[in-house]
Amino acid sequence: MKKVVKFGGSSLASAEQFKKVGDIIRADESRRYVVPSAPGKRYSEDTKVTDMLYHCYELAESGQAFTKLLNQIKERYNEIIHGLKLDFSLDEDFETIRKQFTGKAGSMYAASRGEYLNGKIMAKYLGYEFVDAANVIRFHKDCTLDDATTNKLLAQYLDAYEHAVIPGFYGAMENGTVVTFSRGGSDITGSLVARAINANLYENWTDVSGFLVADPRVIKNPEVIHTITYTELRELAYMGASVLHEDAIFPVRKAGIPINIRNTNAPEDDGTMIVENTCRIPTYTITGIAGKKGFVAVNIEKDMMNSEIGFGRRVLQAFEDNGISFEHMPSGIDTMTIFVHQDEFAEKEQQVIASINNLAHPDSIDLESDLSLIAVVGRGMKSTRGTAGRLFSALAHAHINVKMIDQGSSELNIIIGVKNEDFEDAITAIYDMFVISQL
């Protein structure tokens with residue numbers, strides 16, 4: 001058995017958390033490859049090390065004094081080193097960082113040092129080999145991942161080591177220029193490592209015991225999703241559910257490697273298993289509920305629209321020409337509605353309306369703002385009769401007016417539109433109907 005284990009920033013914020021992580025790794029000899037994040041917050045008012053590094057580099061880049069802040073960052077790491085009673089120093093590394101900041105090596109280099117330094121401490125603490133991600137995660141000149149080269153380099157490097165620590169979040173171009181993924185990119189590093197070594201399992205350790213059926217900021221103590229497919233995960237992640245970076249699923253999905261989301265502070269919990277497919281019957285009809293606020297509906301009417309070839313394309317061209325992507329497009333015989341992000345649309349609304357009029361010549365255009373989209377996702381919906389009926393019954397009983405309904409042909413999800421003010425009540429009503437009533 002070979003497992004890749006990735007630990008998030010909250011799991012590595014202090015020496016105490018490091019010890020928990022060490023216990024987890026040592027409890028299973030198959031946990032052979034470790035991907036650490038930079039230290040996160042130790043308490044709610046604390047600052048993540050990555051944010052401190054960004055700010056420190058901003059000072060350096062603008063010619064301001066940055067040594068004091070850099071020393072504060074160094075002290076964060078020294079607290080961990082001393083707490084673990086390690087005979088180890090990062091003095092040379094911080095001197096190199098100081099010189100690179102003075103020479104304006106770039107904000108991506110600055111941000112990457114959080115993972116780099118934490119990786120060195122982790123390797124020393126565990127007695128594992130340290131593998132600099134800059135040597136094995138390759139980026140093109142346009143800062144996109146060179147997937148093929150990365151897989152080849154990782155496989156070659158890690159084949160020589162039984163145990164290794166590979167820092168997350170960053171890599172480098174062939175010339176050595178450091179490049180970072182987007183925030184949360186350590187998840188992607190773990191996925192790439194798992195694929196390269198042909199792991200049996202990719203464990204992603206964080207501060208929650210897996211994916212939750214609904215947002216805990218809306219639903220108090222929501223149930224945990226025990227098993228979820230990659231397709232379901234994509235649907236929920238697209239609508240705002242965020243425990244795992246959505247790009248992290250692609251490398252392991254292709255290789256057929258499952259992901260296990262686990263809780264560093266509750267290692268006895270099974271967490272959530274993310275798989276390609278499963279015959280397991282879901283606990284509830286739905287797998288999860290997720291949603292986002294801040295949409296506007298652009299309602300377009302034109303008599304005989306359905307018989308006018310190219311009408312939809314011309315309408316969408318108006319959005320494309322103005323650099324606006326659409327989320328959903330429900331339509332009728334003489335109407336179509338385009339849902340777009342309100343903050344993107346508001347800046348260019350008059351240009352878009354003018355463009356629609358010029359390209360498609362509709363009878364009328366109407367706007368409705370301050371809308372939310374909620375996705376109800378679940379593989380169990382396809383085989384359960386009356387799911388949609390129960391959904392809309394729950395919303396009706398909660399006195400919530402549904403502005404839009406959209407269901408894909410896969411029957412995996414139903415998306416509804418409601419007013420922003422009804423967002424929380426709608427999620428609560430759906431959760432009560434499909435989860436609480438089945439407990």
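Which strand holds K3? Select residues 3–7: that is strand β1, and K3 is in it (strands are DSSP runs of E, at least two residues, and helices are runs of H or I, at least four, numbered from the N terminus).

Before you click further: this is a predicted model, where local features need pLDDT of at least 70 and side-chain atom pairs count only at pLDDT 80 or more, while totals for chains, interfaces and linings use all residues. Residues are numbered from 1 along each chain as its sequence is written, and side-chain values use heavy atoms, with hydrogens and water left out.

Stay on K3. With a relative accessible area of 10%, K3 is buried (under 20%; exposed is over 50%, partly exposed in between, with a 1.4 Å probe and protein chains only). Leaving aside residues up to four places away in sequence, K3 touches D28, S30, R31, R32, Y33, L201 and E203 (contact means heavy atoms within 4.5 Å).

Next, select 67–83 and 91–102, helices α3 and α4: their axes come within 11 Å and cross at roughly 155 degrees (lines fitted to C-alpha atoms over the stretch in contact, angles from 0 to 180 degrees between N-to-C directions). So α3 and α4 are roughly antiparallel (angles over 145 degrees). Show side chains: L70, I73, K74 and Y77 in α3 meet D91, F94, I97 and R98 in α4.

Last stop, the cysteines. C56 is buried at 0% relative accessibility, whereas C143 is partly exposed at 33%.

Key:
Angles under 35 degrees count as roughly parallel, over 145 as roughly antiparallel, 65 to 115 as roughly perpendicular and the rest as oblique.
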